Amino acid sequence: MASVAVIMADPEQSEERLKHESVALFQEIDRGSMCDEIVGSSGALQKVLSLVSKVAPTDATVLITGETGTGKELVARAIHRQSRRSSRAFVSVNCAAIPRDLIASELFGHEKGSFTGALQRRLGRFELAEGGTIFLDEVGELPPETQIALLRVLQEHEFERVGGTRSIRTNVRVIAATNRNLHVAIQAGTFRSDLFYRLNVFPIEMPPLRERREDIPVLVEYFVDHCARKVGKNIRGITKESLDFLRSYPWPGNIRELQNVIERSVIMCETENFSIDKTWLAQQPLATEPKIPVDLSKELAAEEKGMIEAALRQSAGRVFGPSGAATKLGIARSTLESKIRSLKISKNSFKEFAETIPRRSCLESLE
Ligand SMILES: Nc1ncnc2c1ncn2[C@@H]1O[C@H](COP(=O)(O)OP(=O)(O)OP(=O)(O)O)[C@@H](O)[C@H]1O
Ligand SMILES: [Mg+2]
């Protein structure tokens, strides 16, 4: 009924939405026919699937966390498929892949002339997902102003197009995912804690493949079968040596990495017995090893920066003295000074807080 009312109110707009929605649905059908099956029987995966079936029929917002390639998008699609919204669109948006200055228009649409290049009105992904589900992948990458707009959608179920003045009501279920630690992002001041709590209504954590190794044989069989059919090969078995090797490998890229290795091996395979060329994998952990500490050190640096900034804020930019940031953090003044330099923190930006603290504390900073 609601959509009929919209058609009456603004036929042009509804036609545009329907056209876009059917494109979105076609893209879905196209993608869905690839592999949307969730394979595995480990306890860890069963737990996830039980959460999926519990939350799917509700309209609750879901936050899926987990390492890259663990199946976050697959789980989001499963929630949509098992929900009463399944006949409507599932619209997936990778927030990290869209330039920051275009993300608001991409999500909420824009009015003609709202910025250079906005030659006509364009519907955003929320309008395309009307009645269905929107999947916000890499949600931790959203810029601050878009975080506020998303918070409004979650709280009030409305938004405005970029350059628009009219609020648009929305009925879209939000599923978000991230492989970043949002607590660290909150500490560092790059992610709003109120948005986090709104998204984290129903958290689902995807276990990495190395913690559910019992799923490896069945995944291997599934991918070998799928890939062999795709390239028209007849593969009957896998050598024990290869399977043992696949079982023991740590899989930093999780299921996506396993899928890719198998696809490559099937293409190379010249017999009916499938085997893996170990050198491909043996080299991979080495190749990815430096990446893990780099990412970790980035996260740690962000956490450290967040803590230092919080201490500087409390001490109105003072580094030393009894109520200075160094004392609050329990570290030497020289250590803090060097960290402030290396983390490129601007002490001066915290000076404005000086007005709100008692005069005695300001004097302490002159020591
Ligand atoms: N349990 C599973 N059974 C079958 N295929 C799976 C399973 N889990 C993941 N896959 C496949 O692995 C690939 C990666 O999954 P997906 O894109 O959902 O991961 P992701 O967690 O969203 O990764 P990223 O964080 O990199 O976006 C996809 O091709 C997906 O179909
Ligand atoms: Mg993904």
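Reply: Happy to! Let's begin with Gly-43, which is found in helix α3, residues 43-55. Helices (H or I, at least four residues) and strands (E, at least two) are DSSP runs, numbered from the N terminus. This is a predicted model, in which local features need pLDDT of at least 70, side-chain atom pairs count only at pLDDT 80 or more, and totals for chains, interfaces and linings use all residues. Residues are numbered from 1 along each chain as its sequence is written, chains are lettered from A and ligands numbered from 1 in the order in which they are written, and side-chain values use heavy atoms, with hydrogens and water left out.

Gly-43 has 46% relative accessibility and so counts as partly exposed; buried means under 20% relative accessible area, exposed over 50%, and partly exposed in between (1.4 Å probe, protein chains only). From C-alpha to C-alpha, Gly-43 is 7.9 Å from Arg-212, although 169 residues separate the two in sequence.

Now to the ligand. Around ligand 1 there are 19 residues, and Val-39, Thr-68, Lys-72, Arg-256 and Gln-259 come nearest; a residue is near a molecule if one of its heavy atoms lies within 4 Å of it. By class, this shell has seven nonpolar, six polar and six charged residues. Here Ala, Val, Leu, Ile, Met, Phe, Trp, Tyr, Cys and Pro count as nonpolar, Asp, Glu, Lys and Arg as charged, and the others, Gly among them, as polar.

Lys-72 places a polar side-chain atom 2.7 Å from an oxygen atom of ligand 1, while an N or O atom in the side chain of Gln-259 is 2.8 Å from an oxygen atom of the ligand. Val-39 takes part through its backbone, with an N or O atom 2.9 Å from a nitrogen atom of ligand 1. Taken alone, ligand 1 exposes 630 Å², and the protein buries 90% of that (accessible areas come from the Shrake-Rupley method with a 1.4 Å probe). The elements giving two or more residues to the shell are α4 (72-81), α10 (216-231) and α12. Of these, α12 covers residues 254-268 and includes Ile-267.

Helix α4 is mostly covered, with seven of its ten residues buried.

Next, some loops. His-110 is in the loop between α5 (103-108) and α6 (125-128), and it is buried, with a relative accessible area of 7%. Its side chain makes a polar contact of 3.0 Å with the side chain of Ser-105; such a contact is a pair of N or O atoms within 3.5 Å, and within protein one must be able to donate a hydrogen and the other to accept it, while residues adjacent in sequence count only if both atoms are side-chain atoms. The His-110 side chain also reaches the backbone oxygen of Gln-120 at 3.3 Å.

Finally, backbone angles. Most residues other than glycine have a negative phi. Glu-138, in the loop between β3 (133-137) and α7 (144-156), has a positive phi near 55°; it is buried at 19% relative accessible area. Ala-316, in the loop between α14 (291-314) and α15 (325-329), likewise has a positive phi near 55°, and at 4% relative accessibility it counts as buried.
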